[in-house]
Amino acid sequence: LKVINCCVWDPSGEIFELKAELNSDKKEKKKEAVKKVIASMTVGKDVSALFPDVVNCMQTDNLELKKLVYLYLMNYAKSQPDMAIMAVNTFVKDCEDPNPLIRALAVRTMGCIRVDKITEYLCEPLRKCLKDEDPYVRKTAAVCVAKLHDINAQLVEDQGFLDTLKDLISDSNPMVVANAVAALSEIAESHPNSNLLDLNPQTINKLLTALNECTEWGQIFILDCLANYMPRDDRESQSICERVTPRLSHANSAVVLSAVKVLMKFMEMLPKDLDYYGTLLKKLAPPLVTLLSAEPELQYVALRNINLIVQKRPEILKHEMKVFFVKYNDPIYVKLEKLDIMIRLASQANIAQVLAELKEYATEVDVDFVRKAVRAIGRCAIKVEQSAERCVSTLLDLIQTKVNYVVQEAIVVIKDIFRKYPNKYESVIATLCENLDSLDEPEARAAMIWIVGEYAERIDNADELLESFLEGFHDESTQVQLQLLTAIVKLFLKKPTETQELVQQVLSLATQDSDNPDLRDRGYIYWRLLSTDPVAAKEVVLAEKPLISEETDLIEPTLLEELICHIGTLASVYHKPPSAFVEGSRVHLRIPHTRVSTRPHPHSPLKCCPAPHSALGPAIVQVSTRKVPVILLGSRLWTLSITSAMPASLGGAPAVGGGLGDLFDLGGGVGMPTGSYVAPKTAWLLAMKAKGLEISGTFARRGGIIQMDLSLTNKAMSVMTDFAIQFNRNSFGLAPAGPMQVLTPLSPNQTIDVSLPLSMSGPVMKMEPLNNLQVAVKNNIDVFYFSCQYPLSLLFVEDGKMDRQVFLATWKDIPNDNEAQFQIKDIHLNSDVASNKLQGSNIFTIAKRTVEGQDMLYQSVKLTNGIWVLAEMRIQTGNPNYTLSIKCRAPEVCQFVYQCYELVLKN
Amino acid sequence: MIHSLFLINNAGDLFLEKHWKSVISRSVCDYFFEAREKAVEPDNVPPVIRTPHHYLINIYREKIFFVSVIQTEVPPLFVIEFLHRVAETFQDYFGECSETTIKDNVVIVYELLEEMLDNGFPLATESNILKELIRPPTILRSMVNTITGSSNVGETLPTGQLSNIPWRRAGVKYTNNEAYFDVVEEIDAILDKSGTTVFAEIQGVIDACVKLSGMPDLTLSFMNPRLLDDVSFHPCVRYKRWESERVISFIPPDGNFQLMSYHISAQNLVAIPIYVKQNISFFETGSSGRLDITVGPKQTMGKTVECLVVTVHMPKVVLSANLSATQGTYNYDPVTKILLWDIGKLNPQKLPNLKGSLSLQSGAPKPEENPSLNIDLKIQQLAISGLKVNRLDMYGEKYKPFKGVKYVTKAGKFQVRT
């Protein structure tokens with residue numbers, strides 16, 4: 001039988017010929033003709049025109065012919081629904097055949113005919129087959145229910161097939177059980193909320209029994225189903241683990257991985273001091289290692305899952321570093337995954353070995369792999385502090401090879417090392433500078449420029465180096481331009497005398513000659529900073545940067561837990577929550593915890609890394625936020641541009657993925673807010689300066705309304721009347737919402753308390769300091785002026801809780817130069833009390849994360865004019881000093897936000 | 001579950017498609033072709049490819065891509081294992097799994113695929129059962145079929161599918177009852193420049209060819225079962241007995257099957273049978289280089305190393321090699337840049353050596369990467385881990401079977417860095 005490999009069916013009489021053969025009286029000729037038709041169909045030719053002739057061959061005793069016709073029917077029934085009805089009778093008849101093979105074949109084929117009209121005729125035969133005496137027929141019928149459900153879900157429910165299917169879970173034959181589970185699982189996928197697989201200890205026991213006796217595929221279905229069960233206590237959990245463990249020695253890797261999933265999930269419930277817990281941990285390593293000796297495709301999926309497992313339980317594979325060493329002929333996708341896991345397993349104990357390997361890889365042929373290996377060396381340095389020195393010297397060796405892309409990668413990672421360990425390895429700068437000319441990739445150029453700017457004071461010819469980059473400024477990529485701008489400003493602040501001309505040049509290039517709004521804005525900010533307040537400029541530009549940590553590329557813990565529950569699935573391959581990418585989302589799974597209520601919510605790493613390496617980066621969904629230009633040219637523009645642009649940019653944020661939904665509950669879980677802090681009144685206007693009128697006051701925010709609380713005291717000899725109040729223009733447009741109500745005349749020595757509601761609708765002018773308010777009070781005697789300062793917390797609005805994803809994106813989006821760091825000293829509160837207190841003043845904790853005894857609170861604040869302020873507060877147990885990092889597009893407010901923190905926390 | 005399967009050859013021709021649910025247009029393969037092009041080498045095509053509405057999971061075997069399409073969450077390993085099973089079945093049925101044999105037997109292929117999956121759920125994947133359902137083609141049978149008009153489809157219900165031992169068919173009958181076991185060990189190793197072992201492990205399998213009548217119940221025991229701490233068994237093996245007594249007790253499938261595989265990673269147990277002294281260097285100027293490789297025996301346990309082959313992946317700029325070998329023949333393929341030195345038997349008295357000069361593309365800079373050596377070898381009658389079968393007992397049947405055990409050690413991924 002020859003097959004011509006072409007896609008167009010040539011109707012040059014071939015169909016006609018086949019038609020004649022199909023209608024031949026000779027059995028043999030008929031069969032050969034059907035075979036020819038099938039062969040054509042297989043290679044994608046359209047032979048649907050022969051439908052009636054082929055269906056005519058169906059009523060035969062010849063099993064092979066019957067099967068061939070069935071094959072044909074399945075393929076073409078959809079396009080010939082009317083004809084397909086002709087076949088119904090034969091199916092119904094075959095379902096009653098004494099031979100179970102025929103019955104099963106009929107019920108199997110029936111379900112594959114995806115024609116609506118036919119389905120209802122099939123319900124009766126299917127019902128019979130589900131209760132057939134022969135398990136082979138029952139197991140086939142179970143799958144048929146899933147098929148039918150796919151075509152007409154309503155019909156299946158109305159006919160009660162789902163209940164029959166559920167009953168089959170208790171069938172005596174293990175294969176029937178496995179198929180029933182498989183069918184139910186598939187149906188459940190399209191009904192995320194249905195309770196189809198209602199698992200209880202009895203059904204679990206049935207499943208575990210069937211597990212030992214069914215085929216390898218059935219075992220996978222059953223194991224995946226078991227993984228959805230939530231054991232009642234640790235004893236049940238242990239007994240399930242014990243019965244699942246033998247599956248780890250199965251030859252089928254999918255069975256092994258599904259068993260690993262069940263064990264990883266259920267062992268969470270076991271007490272850690274249990275002997276069995278340790279035994280189980282030991283048993284998990286060998287099967288995972290064995291998966292790595294399989295075919296490369298299997299290895300790839302295994303490695304993606306091992307990547308999750310080593311993040312969750314590094315102890316399982318910590319001694320198995322060597323199996324992840326890359327082999328010369330591994331496919332590239334396996335190499336890259338192995339490299340990633342090597343870094344995750346790197347520790348002080350094995351770092352020498354790892355580095356030796358990485359150095360070896362850096363001389364391989366594949367450029368992508370070499371690059372990643374070089375980056376990996378940098379990650380090792382950041383992860384294992386003791387190895388940093390060795391890593392740096394390895395990188396220097398690699399730079400000496402002068403291989404272009406190796407040098408460039410090395411410089412990018414050395415920049416990160418500098419950020420992690422400032423003032424430690426600067427001696428290598430000279431070597432780096434030697435390679436300046438060979439850098440042609442933006443990332444490497446930007447990194448080198450950053451280094452030159454950051455250490456300008458130690459590089460004698462820093463100005464020359466930077467100047468050389470300036471020549472082709474407009475041809476550089478934005479990344480390099482921005483970095484160059486900042487670096488030259490840094491240089492200027494460090495060596496002002498010699499570099500004035502250079503800084504002028506770069507500022508004018510960045511502002512006047514550039515079309516890029518980001519670049520222009522940054523240029524203007526610097527320009528203005530430098531021209532108004534060089535001291536402030538120094539504080540802002542040369543501020544101490546937060547350290548980077550290796551955690552940036554870890555999967556955030558909530559997602560990790562979810563993925564552990566989905567080991568072996570597509571979700572685990574993509575490291576994304578199942579709801580994020582599979583059509584028809586799945587039920588949300590969680591790892592069971594024995595102490596759910598007391599367990600603090602783990603949260604994502606929010607540390608910002610200057611250049612997240614995309615390939616190594618965490619699988620965090622990127623949120624696109626429009627860049628908001630902040631122009632500081634005039635004070636009027638300043639507030640306007642922010643109020644109008646900011647909400648728009650946030651509006652574009654997508655909904656949060658399923659795994660993150662619970663974060664919103666955090667505020668409520670912490671406890672009721674305690675209400676905003678109000679400072680005691682202070683004297684604003686002294687009697688001696690105001691003809692006997694003394695005013696003391698404070699500001700308060702009560703239920704979203706801003707109030708100015710005033711105490712007016714008459715220290716003069718005569719009665720005071722006709723009070724009125726007015727504010728000068730101020731930074732945030734504060735203005736009295738109505739006239740000041742002092743109803744009775746104020747007698748000598750009398751004090752009256754007034755609460756004046758304020759609005760934000762007044763005229764705006766930037767004040768110095770920002771929170772300064774100039775007030776005029778008038779009475780029957782004269783007009784008096786005073787100024788007072790309000791806490792910025794007055795302006796923190798109630799809906800200042802930022803979406804977590806938006807927070808992440810915004811934090812990244814705000815340039816690091818806008819970050820300010822403060823110390824809050826002598827606070828003796830734990831993080832929960834602190835965040836509760838802050839919440840009273842509308843400083844909202846969005847996420848909390850605990851790393852090595854250090855609590856990190858991520859907080860957001862929104863000002864009345866729409867400015868967002870993001871903050872990260874680090875609290876070390878036992879240390880009364882908190883570290884506060886504040887990021888805001890308008891960096892001027894940071895200082896005042898910090899003051900609010902201090903005020904709130906200390907009172 | 002598994003929705004569709006496409007078979008695509010190395011040239012990118014889609015030559016077979018099979019759908020187990022609704023028909024998915026073959027245009028979905030465009031995403032695969034895109035990935036294929038990006039990967040350059042066929043081996044580097046990522047196994048899981050995401051498209052807007054489907055996932056493509058593929059394996060590459062015998063110059064054929066088996067591309068399966070899935071639409072809902074299905075464990076990828078499940079799919080990959082299944083695809084391997086398909087490739088093995090073709091191999092089993094047609095002697096080789098190639099585009100030509102698949103095209104020649106397209107109807108059988110289609111029948112097989114139909115039996116292997118139902119609605120995307122695996123149905124019959126055991127070779128024993130499949131062979132009862134669909135008879136493999138033989139020259140004799142196809143002749144008989146043409147003459148008598150009988151078919152190659154089984155008429156009866158495959159008995160194994162219902163029993164608790166689905167891997168074995170009932171009523172097996174042989175005149176010569178025999179059971180052979182091959183212990184095959186492969187050494188995976190990486191040696192560094194100085195010859196130090198960076199990494200070494202043994203991948204072992206026990207392949208069986210059992211042709212016994214009736215329902216034999218076999219027990220295989222080892223002299224030193226303690227070596228085996230990481231094992232994977234064929235479903236027929238009773239795991240409980242292994243746990244408690246360290247013996248392998250099983251009712252075998254009929255014919256060829258892999259009884260178990262194991263993995264030995266303890267470094268002290270992995271003997272490295274040979275050493276390689278090599279020096280491959282390129283000169284800064286003159287577009288040339290030198291090569292000098294000597295191979296000698298190390299831990300051979302007194303056996304002879306045979307079928308020794310050294311493969312060197314040369315840098316791209318190497319145009320030709322002018323070498324002389326004291327033993328065996330060498331060949332440099334300037335297209336694939338692979339130097340192949342076929343040594344044959346290793347003579348410990350006279351160590352084979354290959355040396356000479358390499359010429360590079362003129363004007364090309366000195367290559368940056370270090371070439372890497374791959375070693376192939378074979379040692380008969382030795383399992384390098386020292387594993388030994390103690391005895392094989394048969395219960396349940398009365399006849400006396402003929403038994404045999406063979407050992408062989410091979411190099412797996414055996415790599416020497418330069």
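This note walks through selected features of a predicted model.

1. **Salt bridges overall.** Start with the charges. Over all chains, the structure holds 60 salt bridges.

2. **Glu21(A) and Lys36(A).** These two side chains form a salt bridge, with 3.4 Å between the closest N and O atoms. Glu21(A) sits in helix 1 (residues 14-22) of chain A and Lys36(A) in helix 2 (residues 27-42) of chain A, so the bridge ties together parts 15 residues apart in sequence. Lys36(A) stands at 34% and counts as partly exposed.

3. **A bridge between chains.** Arg108(A) and Asp118(B) meet through their side chains in a salt bridge, at 3.9 Å from N to O. This pair crosses from helix 6 (residues 100-112) of chain A to strand 6 (residues 117-118) of chain B. Arg108(A) is buried, and Asp118(B) is buried too.

4. **The network around that pair.** Which residues are linked with Arg108(A) and Asp118(B) in a network of salt bridges? From chain A come Lys67(A) and Lys147(A). From chain B come Lys18(B), Glu114(B) and Glu115(B).

5. **Glu364(A) and Lys335(A).** Here is another salt bridge, with 3.3 Å from N to O. The pair links distant parts of the chain, 29 residues apart. Glu364(A) is in the loop between helix 19 (351-361) and helix 20 (367-383) of chain A. Lys335(A) belongs to helix 18 (residues 332-345) of chain A. Both Glu364(A) and Lys335(A) are buried.

6. **A negative patch.** Glu464(A), Glu467(A), Glu471(A) and Glu501(A) form a negative surface patch. One of them, Glu467(A), lies in helix 25 (residues 462-470) of chain A. Glu467(A) is partly exposed, at 41% relative accessible area.

7. **Helix 35 of chain A.**

8. **The ends of helix 35.** Look at the N-terminal end of helix 35 of chain A. Asn830(A) caps it: a side-chain oxygen of Asn830(A) lies 2.9 Å from the backbone nitrogen of Asp832(A). After the helix comes Asn842(A), whose phi is positive, near 65°.

9. **A cis peptide bond.** Glu768(A) and Pro769(A) are joined by a cis peptide bond, with omega about -10°. Pro769(A) is placed in the loop between strand 6 (751-759) and strand 7 (772-778) of chain A.

10. **Ser731(A) and its contacts.** Ser731(A) lies in the loop between strand 4 (724-727) and strand 5 (735-736) of chain A. Ser731(A) is buried, at 0% relative accessibility. What does its side chain reach? The side chain of Ser731(A) is 3.0 Å from the backbone nitrogen of Met767(A). A polar atom of that side chain also lies 2.6 Å from the backbone oxygen of Leu770(A).

11. **Ala178(A).** This residue is in helix 11 (residues 174-190) of chain A. Ala178(A) is buried, with 0% relative accessibility. Leu168(A) is 10 residues from Ala178(A) in sequence, and their C-alpha atoms are 9.2 Å apart in space.

12. **Positive phi at Glu62(B).** Turn to chain B. Glu62(B) is not a glycine, yet its phi is positive, near 50°. Glu62(B) occupies the loop between strand 4 (55-61) and strand 5 (64-70) of chain B. Its relative accessibility is 51%, so Glu62(B) counts as exposed, the limit being over 50%.

13. **Positive phi at Cys307(B).** Cys307(B) likewise has a positive phi near 50° without being a glycine. Where is Cys307(B) found? It is in strand 16 (residues 306-313) of chain B. Cys307(B) is partly exposed, with a relative accessible area of 44%.

Notes: Residues are numbered from 1 along each chain as its sequence is written. Chains are lettered from A and ligands numbered from 1 in the order in which they are written. This is a predicted model: local features need pLDDT of at least 70, side-chain atom pairs count only at pLDDT 80 or more; totals for chains, interfaces and linings use all residues. Side-chain values use heavy atoms; hydrogens and water are left out. Patches are made of residues with over 30% relative accessible area and no salt bridge: like charges are joined within 9 Å, nonpolar side chains (Val, Leu, Ile, Met, Phe, Trp, Tyr) within 5 Å. Accessible areas come from the Shrake-Rupley method with a 1.4 Å probe; for residues, only the protein chains shown count as cover. A salt bridge is a side-chain nitrogen of Lys or Arg within 4 Å of a carboxyl oxygen of Asp or Glu. Lys and Arg count as positive and Asp and Glu as negative; His and the chain ends are not counted. The place of a charge is taken as NZ of Lys, CZ of Arg, CG of Asp or CD of Glu. Helices (H or I, at least four residues) and strands (E, at least two) are DSSP runs, numbered from the N terminus. Buried means under 20% relative accessible area, exposed over 50%, partly exposed in between (1.4 Å probe, protein chains only). A polar contact is a pair of N or O atoms within 3.5 Å; within protein, one must be able to donate a hydrogen and the other to accept it, and residues adjacent in sequence count only if both atoms are side-chain atoms.
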